Amino acid sequence: MLMAFAAKGSKGESFLTVVVGGGAAFGLIVLTSRAWKACHVDITGKVPNGLTLLFLGVPIALIVNLVLFTIVFRYAGKAFLFSLFAACIALAIADLALFSWQGTPAGSPGTCPGNVPPWWPKMIPT
């Protein structure tokens with residue numbers, strides 16, 4: 001039943017891509033926004049950070065997550081759960097890389113060292 005729902009190239013796979021990839025993109029944007037607020041990072045000067053995230057961060061996060069999920073889910077193997085797990089791991093790695101790249105911008109002044117918020121776990125590199 002589950003295999004028929006999420007067969008490669010089906011409407012179920014598209015739905016799963018939007019739900020998982022879109023959810024991961026939303027999580028990345030929320031994480032970046034909270035990190036910027038915690039460290040008082042001013043990315044754009046006169047334009048609020050929220051608009052930067054809305055018009056620049058959301059499209060980039062969505063495109064990366066949707067394309068990556070689709071590619072990994074389709075080509076990871078025939079087992080549904082293995083493909084789903086592999087795609088989720090790939091999204092976590094890509095979102096961590098995006099957060100390290102733009103979520104903690106070294107070029108923008110902030111109050112935290114390296115613009116890494118104090119609540120960020122030390123065991124996860126940025």
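**Exercise 1.** In this predicted model, find how far apart the end C-alpha atoms of residues 51–73 lie, and what share of the span is helix.

*Solution.* Finally, compare with the record: the unreviewed UniProt entry annotates residues 51–73 as "transmembrane region", along with 12–31 and 80–101.

**Exercise 2.** Describe helix α3 (residues 49–75): what is its reach, where does it kink, and which of its residues are buried?

*Solution.* Start with the reach. Then locate the kink: it lies at G57, amounts to about 40 degrees, and comes shortly before the proline P59. G57 is also among the buried residues of α3, which include L53, A61, N65 and F69. Residues three or four places apart point the same way, because an α-helix has 3.6 residues a turn. Last, look at the cover: α2 (11–39) and α4 (80–103) are part of what covers the buried residues of α3.

**Exercise 3.** Which cysteines form the disulfide, and are they buried or exposed?

*Solution.* The structure holds one disulfide. The disulfide joins C39 to C112, with an S to S distance of 2.2 Å. C39 sits in helix α2 and C112 in the segment after α4, 73 residues apart, so the pair links distant parts of the chain. The angle about the S-S bond is -100 degrees, a left-handed link. Buried means under 20% relative accessible area. C39, at 0%, is therefore buried, and C112, at 11%, is buried as well.

How values were computed. Residues are numbered from 1 along each chain as its sequence is written. This is a predicted model: local features need pLDDT of at least 70, side-chain atom pairs count only at pLDDT 80 or more; totals for chains, interfaces and linings use all residues. Side-chain values use heavy atoms; hydrogens and water are left out. The bend at a residue is the angle between axes fitted to the seven residues ending there and the seven starting there. Helices (H or I, at least four residues) and strands (E, at least two) are DSSP runs, numbered from the N terminus. Buried means under 20% relative accessible area, exposed over 50%, partly exposed in between (1.4 Å probe, protein chains only). Contact means heavy atoms within 4.5 Å. UniProt positions are given in the numbering used here, feature names are shortened, and annotations may be inferred rather than shown by experiment. A disulfide is a pair of cysteine sulfur atoms within 2.5 Å.
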